[in-house]
Amino acid sequence: MMTLFLKASLLIWILVTLLWVWSIFIKNVSIVDIFWGAGFVVVNAFYVFMSGELNTRKILILVLVTIWGIRLAIYLASRNIGKGEDFRYQEFRRNYGSERYWWFSYFQTFLLQGVLIMIVSLPLLGISMSNYSGSLNLLDYAGILIWLVGFMFEAGGDFQLSRFKRDAKNKGKVLNTGFWKYTRHPNYFGDSAVWWAYALLSIAAGSYWQIIGSIIMTLLIIKVSGVALLEKTLNKSKPQYKEYIENTNSFFPWFPKK
């Protein structure tokens, strides 16, 4: 298992390094965001095809991760391409200076993302390297159900938000319909649910400690780069968001308070 993990790590390191070189030429670090979903597709495919004979569970995880990762990559590409560098990276560029940021971004952004992809992907490694039978059991079917719910919230939430933002009349307003009526972050909830589906599939395959990847993904979403960061920004930029917070669950979907 460790050998396969190290080989996959080398592959991801090469890819993020090439991305970093590209970002220097185009002066846009935002391209790393598009690689987040695609990176998991690459590393999972590497795990599956390098781990030996295919079975039902390996094919299942290959299909699920590919659908999730490609959808996310396409969505982020459509959102970012042609829009310039994301404000987060622009701020980093100002703080560290353009003459230094080209190399600083390699460690702060590209290499860090590569490391996170490898750690978060541990449940996928556990599934591919399992010695258990590839026949699906109840945990697998529970995982599929959770994946479907998570994918629906994530993809549906992204679609609704994208459509909302395209309407100029909604500038400065808060989206509180559709999935956004039941949780302030349906896309983040969905993303977390998808990774807990992978954790269940890993457990079904007899790989237990590897679910630490799903735990870390959830912590990143809630405490680091997702919910916490976005809420801080929205509280400042949208006065209506305070009322939205009072009426709507932060993460887990539930009926509005009024």
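Student: Which residues make the nonpolar surface patch?
Tutor: M1, I146, W196, W209, I212, I215 and L219 make a patch of about 640 Å². This is a predicted model: local features need pLDDT of at least 70, side-chain atom pairs count only at pLDDT 80 or more, and totals for chains, interfaces and linings use all residues. Residues are numbered from 1 along each chain as its sequence is written, and side-chain values use heavy atoms, with hydrogens and water left out.
Student: How does a patch get defined?
Tutor: Its residues have over 30% relative accessible area and no salt bridge; like charges are joined within 9 Å, nonpolar side chains (Val, Leu, Ile, Met, Phe, Trp, Tyr) within 5 Å. Areas come from the Shrake-Rupley method with a 1.4 Å probe, and for residues only the protein chains shown count as cover.
Student: Which helix gives the most to the patch?
Tutor: Helix α9 (residues 212-224), with three residues. Helices are DSSP runs (H or I, at least four residues), numbered from the N terminus.
Student: New topic. How many salt bridges?
Tutor: Six. The criterion is a side-chain nitrogen of Lys or Arg within 4 Å of a carboxyl oxygen of Asp or Glu.
Student: What does R57 pair with?
Tutor: D140, at 2.8 Å, N to O. R57 sits in helix α3 (residues 56-80) and D140 in helix α7 (residues 138-166), 83 residues apart.
Student: Are R57 and D140 buried or exposed?
Tutor: Both R57 and D140 are buried. Buried means under 20% relative accessible area, exposed over 50%, partly exposed in between (1.4 Å probe, protein chains only).
Student: And which residues form a network?
Tutor: D33, D86 and R88, linked by salt bridges.

Key. Helix = DSSP H or I, 4+ residues; strand = E, 2+ residues; numbered from the N terminus.
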